[in-house]
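My notes follow in the order I checked them.

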Amino acid sequence: MNKPYYLSLITSILFVSIFTFPISAQNNNEKELIAGEKIDKIISALDKHTYTVELENGMAIVGEVLQKEIDLVIDVYKPNGELLEQIDSPNGTSGVEPIDITSVESGEYKLIVHTLDKSVKKGAYTLTTKKILSLSDNTKRITKKELPTNTLYNLWESSLTDKNAIDTFIAKQTDQHIIEPIEGNDRDMLVTYFCIPNDNTEYVMLSGGPDFLGLRFQRLPNSKLHFVTQKVPKDARFNYGFNYFNLDKAGPNNEIESRNIEHTYDGTVEMPNAPKQIYISERENVAKGEVVLNSIKSKILNEERKITIHTPANYDQKQAHNLLIIFDGESYGARLNRRSRIPTPTIMDNLMADNKIEPTVTVLVWNLGKRGRDLISENFGDFIANELIPWIRSEYNIGSKRNNIVLAGSSRGGFAASFIALYHSDVIGNVLSQSGSYWIKGTDNENHWIYPEDNGKLINAYMNSERLPIKFYMDVGLYDAGASMLGMNRQFRDILKVKGYNVDYQEFKGGHNYLNWRGTLSNGLISLIGIKEE
């Protein structure tokens with residue numbers, strides 16, 4: 001015999017013996033596994049007990065090996081002799097080794113029970129074959145385990161026999177999410193979002209809620225529906241959106257690929273225990289104050305600045321009033337006879353009707369598309385303190401003390417209120433900040449809006465200044481841009497408290513949006529200028 005050929009043959013035999021089930025195992029008596037059967041065995045360190053089961057592709061065998069004073073492993077081999085997996089739980093010489101094997105090809109599978117501990121003399125085990133599942137039953141079992149809710153599973157199961165099941169489900173929903181209880185969890189509920197993306201959509205991402213960086217959708221098996229679930233506290237309220245990441249191809253062999261992001265849907269989740277927003281809706285029995293559009297000529301800004309003024313119902317010029325100034329007026333109800341994100345005139349009417357705050361004149365300052373510049377500008381602060389407030393005092397009866405003045409705003413508006421009060425505390429005594437942008441440095445190397453590298457300039461400014469006679473109300477969402485918003489608000493709060501400021505600080509389970517600010521505006525006003533109950 002030719003030596004190279006002989007060596008090659010030996011090498012091949014060794015290779016096969018290493019990467020397929022052991023020759024000794026083949027020579028052992030083999031036992032076919034039967035559903036429902038229990039097998040009790042004694043086993044020593046040198047024994048290898050071999051069991052077989054015939055499975056079609058996609059079928060499964062489910063069972064267990066109960067170890068008795070011996071640490072066992074189960075080697076599972078595919079029909080072609082390749083090792084599929086080794087089952088070895090970290091439970092020592094007692095406990096259960098679970099068997100749950102889904103076949104990946106048709107044929108006879110071998111399960112070899114043995115121990116890796118060669119020092120043990122002998123032990124015992126009980127092998128129980130619980131189920132041998134058909135392809136259909138195994139498919140349902142695996143899908144039920146993979147899908148996070150019974151609703152999704154029932155929808156999937158219905159879609160197997162009803163081609164219109166998905167469309168019927170969607171047609172019944174008013175929103176593209178459903179809210180369901182979580183068994184044994186009194187704090188949270190499960191929100192399931194769903195959509196049917198485009199044919200060219202590679203994947204879908206959810207924005208909003210507790211996972212503000214986004215969650216990726218998955219496909220309901222063998223259907224066109226995509227979904228993702230999110231565990232949400234029962235007292236949360238937030239906006240969310242869907243983004244489709246699309247891929248277009250061109251060329252005879254799809255040589256050209258181009259991608260785009262398509263924002264396709266915006267929705268609102270209001271959980272059952274979300275804080276009530278009792279002041280945002282008009283009431284029939286509440287008298288409405290007067291809302292007028294006006295403007296003021298500013299020498300400091302070198303422009304005519306629009307403002308909208310709300311006076312209380314039955315305004316009395318003889319009575320001194322508080323003055324509330326809110327930035328981004330267009331979003332707070334400054335446009336007459338138009339819906340707004342925050343209906344400030346309605347909120348003020350209701351608060352005063354319920355005797356929650358003293359009579360207050362409200363000025364909504366239009367941003368006119370200049371908020372990015374104005375709300376971090378010293379000139380704009382000078383305009384508010386040295387031109388707007390004196391002009392309002394000349395037209396309306398406003399109390400003479402700084403405590404009668406409230407500056408309010410959200411995001412950059414919250415920053416602006418704190419910024420202007422810092423330099424004009426002789427005029428302004430109250431700051432109402434809704435998710436204030438305290439990450440802002442106002443320099444060429446501005447902080448990243450999510451991951452700031454440095455303190456915002458207001459944090460440093462208040463830290464390095466003497467305590468001023470300013471009262472603060474601050475709120476921010478737990479789901480609001482991480483370190484830049486939630487983190488910086490907490491840091492600003494802490495610095496104010498260390499300095500001795502009067503600070504009412506609140507957090508809500510929501511994001512950076514008017515959906516929550518419309519409700520917390522009244523909280524801030526009651527905190528700052530509320531009528532004290534006797």
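I began with a pair of helices: α6 passes α12 in a right-handed crossing. I note here that the model is a predicted one.

I then looked up the geometry of this pair. Helix α6 covers residues 344-353 and helix α12 covers residues 514-529; they pack at an angle of about 45°, and their axes are 11 Å apart. For the contact, I listed Thr344, Ile347, Met348 and Leu351 on the α6 side. On the α12 side I listed Arg518, Leu521, Ser522, Leu525 and Ile526.

Next I turned to α3 and α4. At what angle do α3 and α4 pack? I found about 150°, with the axes 9 Å apart, for α3 at residues 135-146 and α4 at residues 150-161. That makes α3 roughly antiparallel to α4, since angles over 145 degrees are counted that way. The crossing of α3 and α4 is right-handed.

I wrote down the residues that meet between α3 and α4. From α3 they are Thr139, Lys140, Thr143 and Lys144. From α4 they are Asn150, Tyr153, Trp156 and Glu157.

I checked the charged pair in that list. The side chains of Lys140 and Glu157 form a salt bridge, at 3.7 Å from N to O. This pair links distant parts of the chain, with Lys140 in helix α3 and Glu157 in helix α4, 17 residues apart. I counted 25 salt bridges in the structure.

My last stop was the loop between β23 (430-434) and α10 (457-463), where Tyr451 lies. Which residues form a nonpolar surface patch with Tyr451? I found Phe212 and Leu213; the accessible area of the three together is about 320 Å².

Pro452 is also found in the loop between β23 and α10. Leaving aside residues up to four places away in sequence, I found Pro452 touching Asn447, Ala483, Ser484 and Met488. I also took the distance from Pro452 to Ala35: it is 61 Å, C-alpha to C-alpha, for a separation of 417 residues in sequence.

Terms used. Residues numbered from 1 in each chain as written. Predicted model: local features only at pLDDT ≥ 70, side-chain atom pairs only at ≥ 80, totals over all residues. Heavy atoms only, no water. Patch = residues over 30% accessible without salt bridge, like charges linked within 9 Å, V, L, I, M, F, W, Y side chains within 5 Å. Areas by Shrake-Rupley, 256 points an atom, 1.4 Å probe, with all protein chains shown as cover. Salt bridge = Lys/Arg side-chain N within 4 Å of Asp/Glu carboxyl O. Helix = DSSP H or I, 4+ residues; strand = E, 2+ residues; numbered from the N terminus. Axes fitted to C-alpha atoms, helices over the stretch in contact; angles between N-to-C directions. Parallel < 35°, antiparallel > 145°, perpendicular 65-115°, else oblique. Left-handed = near helix turned anticlockwise from the far one by under 90°. Contact = heavy atoms within 4.5 Å.
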